[in-house]
Amino acid sequence: MPGRGRGRGTMPGRARNTMPGRARRRADQPIPQREAPGAAAAPQAAAWQRGPYPPREEVQAAAYGQPRGAEGGVQAPGEPQLEAGLQALSVRPKRRAGVFQDLVVNTRQNLEHVRLSKTGSEGKAVKLVTNHFRLTCPQLIAYKYNVDFKPDVDDTNLRSQLLFQHERVFGISHIFDGNSLLLSQRLPNQEMEFVSYTLSRSIVKITLQLSKELPPNHPDCVRYYNVLFRRTLRQMNLKQIGRHYYDYRKKCVMLDHGLEVLPGYITSILPYENSLTLCADLSHKLLRLETAYDLIMRLKENNEFAKIKEELVGSIVFTRYNNRTYRVDAIDWNQTPRDTFPKSDGGQITYVQYYKQKYNEYITDFKQPLLVSQGRWKKGRRLMPRSPIRLVPQLCYLTGLTGTIQRGSSIMRELSAKMRPGPMNRSRVLKEFRDSLQVDQNAQRELSRWSFVLDPDFLSISGRTLKEERIFQHKDSFEADPPADWLKGSKSTSLLRAVSLKHWVILHTRNCVSEAKILEENLNSVTPAMGITLEKAKMREVPGNTISSYIDILKTLIEDGPEMVVCILPDDRKNRYDEIKKYLCVKSPIPSQCVVAHTLTKTWTLKTMVVKIAQQMNCKMGGALWKVETGLKKTMFVGIDCFHDIVSRQKSIAGFVASTDEELTKWYSQCIFQAPGEELVDGLKNCLQGALNSWLRNVPHAPESIVVYRDGVGDGQLQALLDHEISELVSYLENECPYSIKLTFIVVKKRINTRFFLKHNRRLGNPAPGTVVDMMVTREQWYDFYIVSQSSTVGTVTPTHYNVIYDTVCLDPDTVQRLTYKLCHMYYNLPGIIRVPAPCHYAHKLAYLVGQSLHDQPSSLLANSLYYL
């Protein structure tokens, strides 16, 4: 939406809980580790170093004899502390147990047409390198043992301390993830029992049971390799924040702007077609030197308590004492650091005492309120209550950028240079990281225990660049220019389907009269070339600047039945925008366009802005801007995506958008409300049925095939998709649908760490848009490929990963790759190429609008228009 502060071609919002591994746990998989009360769930790969949390989580850990501090304080769980006095009593062999074998989700085996080959041939061949290093390890069998503690021990670090008293039995080549143990050699018996003492002389019985034998490239084995590699990063003195590791020694402090940039690394070991590889990429953590306490005091001086809540609730804060981030869910004005919380021994301790004993942090203001964080849901425990975590604002540093910084072009350029390096700088830093692994003695000791060897250079691969697409508008056509956009060509040519606008209204406040006139005058000047007939708008002044004043005047306008309502907003206040959109999308469905007034005062961008507004208005009225020839006839294209409101914990929204004509110029949309954080979608049958009904109103024959692009799911959810969403769609098409329709289902992944660099002499650059990679860094078990669809002049371009997991249409590699790239040209909110196919991004825009602003089901009267652009 123009004037809402979004960059061209960006994908706004997208706050989402990623939930890998949603497939049901098999009997031989370890049960997920239980968390201590009040602790947020840490990623599984970070199990070696779960940092301590503030009050409420010591209770369970102290029962197993962790050292007590002064005044009865306790050592919180997760603190790396080797317990002196832990002793092993005995090792006793037990009965033989069975060996289990997991099945890898192989979606390609059911796709007969790509069983022999999944590589395409179209396009110009190019030489690329990728940010993967080949990893070799001994081709030996590893042994996985399930580990059971009685009585149960929640803290992973304490589990490790108890278990590795028996290292003389295991050997030095071991990897423990908190629930199971991987060994390079087999123990004498398939089930063995160990007994350990805690400091308080409590007995903990540990049982190891052989679960299965793993080949080196087995998915379970690879998961342990990632645990080992993260342990290696800690040995290199890198600090974990969230899922990634950062180097405090290389931090960049920008005192003039109150910012600190921490450089770090993202790593993952995965098996690809020919070998295991280490994928390494850069990560940057942006921290503000301002604390939550500083913000509270600054706003409190002016009695701006509502502003304090607006700024803090929903934000992410960083606590340096344990390198953790928390989301602020509330501010507790009734509690202060002098209040107490219960200790594990039943006594009480103040927050002031706790932080002094635990972290040597001194709290100076005893009257400041406390921040409340609900933490994350634990896997499989979404219906269980979560114990809140209370934080002291003085110790919580703010993250993210302030509006002032975002509006400063010079600081944003400086930040972009530091946090978005181009291919040459990115590759240089990654190679330095690879070299540091080679020279660091601690890292080499960890890796050599499993005989891991990393290649010194990036993996070289081959790619292909597809030809440029032709854009069709009305009677004219032109070649798409991937490095730029085609706004210039589109605005001087009649739109593919222009819709006249006769009865429309412009709402404005008294202070925005001139902006309203500027908008109308410029719309009248740009629309004739587009083929749009625009009658004079009816100007209505809003009496006041309150939300209710906008709603009251909208109620009076509805009786006249306007075709379009344009609102000139004095600022970008979210609550005003939300209420206007909710009224016009839910209660009184009318296509609407909101424009922030100050965007109409920038004379150097005014014409471009007004052209985009005119195009959006045309789309919302049922018009179409352009098209590309897909090459597939009688085919419906569907996009599915979910929005998860992690700030206010509202219900998750699944957006379903489907093309309802053969040219992909008409679209049907529907939303599904689900439980918070739920990713798998229920009710797709009803959505598809509505889309088919809409198709038959536009086209005299039913589609012969449906191609679904599903965004927002992880690799661990493929089986769940097959069992749940695809099963529902197939059941409807085979048993209830009166037409014979084939189905293709493609999973789309944008959040990947793989990068491709184009080799040109001795330099590396970004690949051209349309570059396809379908070998070497793809999975043998999948029908998958990468496409670089966007052009990037700043930083390193990010490819998108596609995985065809179901296909009765039998699309060959060249067809599905070319088709996917074509669909990236069909998003009407940008006259250029986007990262994902248009149906996907439409579904995202729909789910985002409903989840962020409407919080209610949009009217079905708008289902056949792009009202969410």
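In which hand does helix H14 pass helix H15 in their crossing? The first view below gives the answer.

The model is predicted, so local features need pLDDT of at least 70 and side-chain atom pairs count only at pLDDT 80 or more, while totals for chains, interfaces and linings use all residues. Residues are numbered from 1 along each chain as its sequence is written, and side-chain values use heavy atoms, with hydrogens and water left out.

**View 1. Helices H14 and H15 pass each other in a right-handed crossing.** Helices (H or I, at least four residues) and strands (E, at least two) are DSSP runs, numbered from the N terminus. A crossing is right-handed if the near helix is turned clockwise from the far one by less than a right angle, and left-handed if anticlockwise. Two packed helices are described by the angle between their axes and the distance between the axes. Here the axes of H14 (residues 547–558) and H15 (residues 574–587) come within 10 Å and cross at roughly 20 degrees. Axes are lines fitted to C-alpha atoms, for helices over the stretch in contact, and angles run from 0 to 180 degrees between N-to-C directions. H14 and H15 are therefore roughly parallel to each other (angles under 35 degrees count as roughly parallel, over 145 as roughly antiparallel, 65 to 115 as roughly perpendicular and the rest as oblique). Ile547, Tyr550, Ile551, Leu554, Lys555 and Ile558 of H14 are in contact with Asn575, Arg576, Glu579, Ile580, Tyr583 and Leu584 of H15; contact means heavy atoms within 4.5 Å. By class, 8 nonpolar, 1 polar and 3 charged residues make up this contact. Ala, Val, Leu, Ile, Met, Phe, Trp, Tyr, Cys and Pro count as nonpolar, Asp, Glu, Lys and Arg as charged, and the others, Gly among them, as polar.

**View 2. An open sheet of 12 strands has mixed pairing.** The strand order is S32-S31-S30-S33-S34-S39-S38-S37-S23-S2-S35-S36. Two strands pair if DSSP finds at least two bridges between them. Strand S32 (667–674) and S36 stand at the edges with a single partner strand each, so one side of each is left without a neighbour in the sheet. From one strand to the next, the twist averages 30 degrees. Elsewhere in the view, strand S37 (residues 771–773) and strand S38 (residues 783–788) pair in the antiparallel sense over 3 bridges, and Thr771 stands opposite Val788 in S38.

**View 3. Strand S30 is mostly covered, with 9 of its 9 residues buried.** Buried means under 20% relative accessible area, exposed over 50%, and partly exposed in between (1.4 Å probe, protein chains only). In a regular strand the side chains alternate between the two faces of the sheet. S30 pairs with S33 in the parallel sense over 6 bridges, and Phe637 has Val707 in S33 as its bridge partner. With S31, S30 pairs in the antiparallel sense over 6 bridges; there, the bridge partner of Phe643 is Ile653.

**View 4. Two helices lie across strands of the sheet.** Helix H17 (residues 684–698) lies across S30, S31, S32 and S33, and runs at about 165 degrees to S32. Helix H10 (residues 423–439) lies across S35 and S36, at about 115 degrees to S36.

**View 5. Strands S16, S19 and S20 form an open sheet in the order S16-S19-S20.** The pairing is antiparallel. Strand S16 (330–332) and strand S20 (389–391) are the edge strands, each pairing on one side only. Strand S19 (residues 370–373) is joined to S20 by 3 bridges, and Ser373 has Ile389 in S20 as its bridge partner.

View 6. Ser451 is not a glycine, yet has a positive phi of about 55 degrees.
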